[in-house]
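I opened this entry to record what I looked up in the model. My notes follow in the order of the look-ups.

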Amino acid sequence: MTNQRQQVNCRINESTLTKLKALANGYKYKACPTCGKSWDLHGGVKTDPVQHSVLASQLLEKAIDQLFQDSLN
């Protein structure tokens with residue numbers, strides 16, 4: 001396997017993008033961007049702040065790997 005990365009473009013709805021940005025960069029958010037409820041993302045999110053596109057890539061790779069492993073069983 002090569003370490004070269006390929007780009008995948010996809011569209012997501014606006015509320016999902018807002019959630020992704022909040023999860024990726026939670027220190028900017030004191031309240032949920034969709035419902036307004038106050039929260040502390042650092043208590044539940046164990047990642048350092050990253051760009052939302054980086055987090056999206058990590059989540060997509062994890063989901064694809066899990067789905068692939070599930071299909072082998």
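Is E61 buried, partly exposed or exposed? I worked from a predicted model, and there I found E61 at 38% relative accessibility, which counts as partly exposed.

Salt bridge. I then looked up the partner of E61. Its side chain meets that of R5 in a salt bridge, with 2.8 Å from N to O. I noted that E61 belongs to helix α3 while R5 sits in the segment before α1, so the pair ties together parts that are 56 residues apart in sequence. For R5 I read a relative accessibility of 56%, and this residue therefore counts as exposed.

Helix packing. Next I examined helix α1 (residues 14-24) against helix α3 (residues 52-72). Their axes come within 8 Å and cross at roughly 100°. On the α1 side, I listed L17, L20, K21, L23 and A24 as making the contact; on the α3 side, I listed H52, L55, A56 and L59. Sorted by class, this contact comprises seven nonpolar residues, one polar residue and one charged residue.

Cysteines. How many disulfides does a search of the whole structure find? I recorded zero. I also checked the accessibility of two cysteines. C10 has 62% relative accessibility and counts as exposed. C35 is exposed as well, with a relative accessible area of 56%.

Conventions:
Residues numbered from 1 in each chain as written. Predicted model: local features only at pLDDT ≥ 70, side-chain atom pairs only at ≥ 80, totals over all residues. Heavy atoms only, no water. Axes fitted to C-alpha atoms, helices over the stretch in contact; angles between N-to-C directions. Helix = DSSP H or I, 4+ residues; strand = E, 2+ residues; numbered from the N terminus. Contact = heavy atoms within 4.5 Å. Nonpolar A, V, L, I, M, F, W, Y, C, P; charged D, E, K, R; others polar. Disulfide = S-S within 2.5 Å. Buried < 20%, exposed > 50% of the residue type's maximum accessible area, 1.4 Å probe, protein only. Salt bridge = Lys/Arg side-chain N within 4 Å of Asp/Glu carboxyl O.
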